[in-house]
Amino acid sequence: MIVVRKTIGERLAQLEAQRKTLQLRLGKQERAIDTRRKVLIGALVLHRLENDRDVHIGGGLAAWLRSELPKFLTRDGDRDLFDDLLKPQPNEPSLGNIGNGSAAS
């Protein structure tokens with residue numbers, strides 16, 4: 001049996017094609033994650049608007065979401081999507097301190 005070796009150029013072309021395929025897959029995966037995040041945040045906001053008309057979103061939307069999302073998200077995979085948002089931010093007042101003048105500047 002004779003094995004024909006590919007030239008370096010052919011091998012590079014094959015690797016480039018594989019890289020492009022993987023880049024497309026990664027882009028699709030990132031878009032799916034982004035869409036899932038948007039759906040979940042939208043569902044939370046709509047849920048609060050429908051059920052808790054008197055909820056005031058003071059102190060910034062990010063602080064409110066950090067407070068509400070952990071209670072709203074039930075699946076670990078959904079929580080993982082918001083790891084960056086759920087981390088406490090330095091110098092951000094807690095929701096208990098908003099509006100009473102005791103928030104740190």
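A residue counts as buried when its relative accessible area is under 20%. By that cut-off Leu-81, at 17%, is buried in this predicted model.

View 1. Leu-81 is found in helix H3. Its relative accessible area is 17%, so Leu-81 falls in the buried class. Leaving out residues up to four places away in sequence, Leu-81 touches Ile-33, Arg-36, Arg-37 and Leu-40. One of these, Arg-37, is 44 residues from Leu-81 in sequence. In space the two C-alpha atoms are 6.6 Å apart.

**View 2. The salt bridge between Arg-36 and Asp-78.** The side chains of Arg-36 and Asp-78 form a salt bridge, with 3.2 Å from N to O. Arg-36 belongs to helix H1 and Asp-78 to helix H3 (residues 76-81), so the pair ties together parts that are 42 residues apart in sequence. How accessible is each partner? Arg-36 has a relative accessible area of 30% and is partly exposed. Asp-78 has 6% and counts as buried. The pair is also part of a network of salt bridges that links Arg-36, Arg-75 and Asp-78. Side chains of opposite charge can pair when their charged atoms come close.

**View 3. Lys-38 and Asp-34 along helix H1.** Lys-38 forms a salt bridge with Asp-34. The closest N and O atoms are 3.0 Å apart. Why does this pair sit about one helical turn apart? Lys-38 and Asp-34 are 4 residues apart in helix H1, and that spacing makes about one helical turn. Lys-38 is exposed, at 55% relative accessibility. Asp-34 is partly exposed, at 35%.

**View 4. Lys-71 and Glu-68 in helix H2.** A salt bridge joins the side chains of Lys-71 and Glu-68, at 3.5 Å from N to O. The two residues are 3 apart in helix H2, about one helical turn. Glu-68 is buried, at 11%. Beyond residues up to four places away in sequence, Glu-68 touches Leu-44 and Arg-48.

**View 5. Helix H2, end to end.** Helix H2 holds 12 residues, 61-72. At 1.5 Å a residue, H2 should span 16 Å. The expected span is 1.5 Å times one less than the number of residues. The end C-alpha atoms of H2 are 15 Å apart, which agrees. Buried residues in H2 are Ala-63, Trp-64, Leu-65, Arg-66, Glu-68 and Leu-69.

View 6. Ile-8, Leu-12 and Leu-15 form a nonpolar patch on the surface. Together the three have about 340 Å² of accessible area. Leu-12 lies in helix H1, which covers residues 8-51. Its relative accessible area is 55%, so Leu-12 is exposed.

**View 7. The whole chain and its confidence.** The protein has 4 helices and 0 strands. Along the sequence the pattern reads α-α-α-α. Of its 105 residues, 14% are buried. The protein exposes about 8500 Å², and carbon and sulfur atoms supply 56% of that area. Among contacts with a separation of 6 or more, 51% join residues 24 or more positions apart. The structure holds 6 salt bridges, including those of Arg-36 with Asp-78, Lys-38 with Asp-34 and Lys-71 with Glu-68.

The mean pLDDT of the protein is 80, and 76% of its residues reach 70 or more. Where is confidence highest, and where is it lowest? Helix H1 has the highest value, a mean of 92. Helix H4 (residues 83-86) has the lowest, a mean of 78. Over residues 97-105 the pLDDT is below 50. In the model, this stretch has 7 contacts beyond near neighbours in sequence.

Definitions and conventions: Residues are numbered from 1 along each chain as its sequence is written. Side-chain values use heavy atoms; hydrogens and water are left out. Buried means under 20% relative accessible area, exposed over 50%, partly exposed in between (1.4 Å probe, protein chains only). Patches are made of residues with over 30% relative accessible area and no salt bridge: like charges are joined within 9 Å, nonpolar side chains (Val, Leu, Ile, Met, Phe, Trp, Tyr) within 5 Å. Accessible areas come from the Shrake-Rupley method with a 1.4 Å probe; for residues, only the protein chains shown count as cover. A salt bridge is a side-chain nitrogen of Lys or Arg within 4 Å of a carboxyl oxygen of Asp or Glu. pLDDT is the predictor's confidence in each residue, from 0 to 100. Contact means heavy atoms within 4.5 Å.
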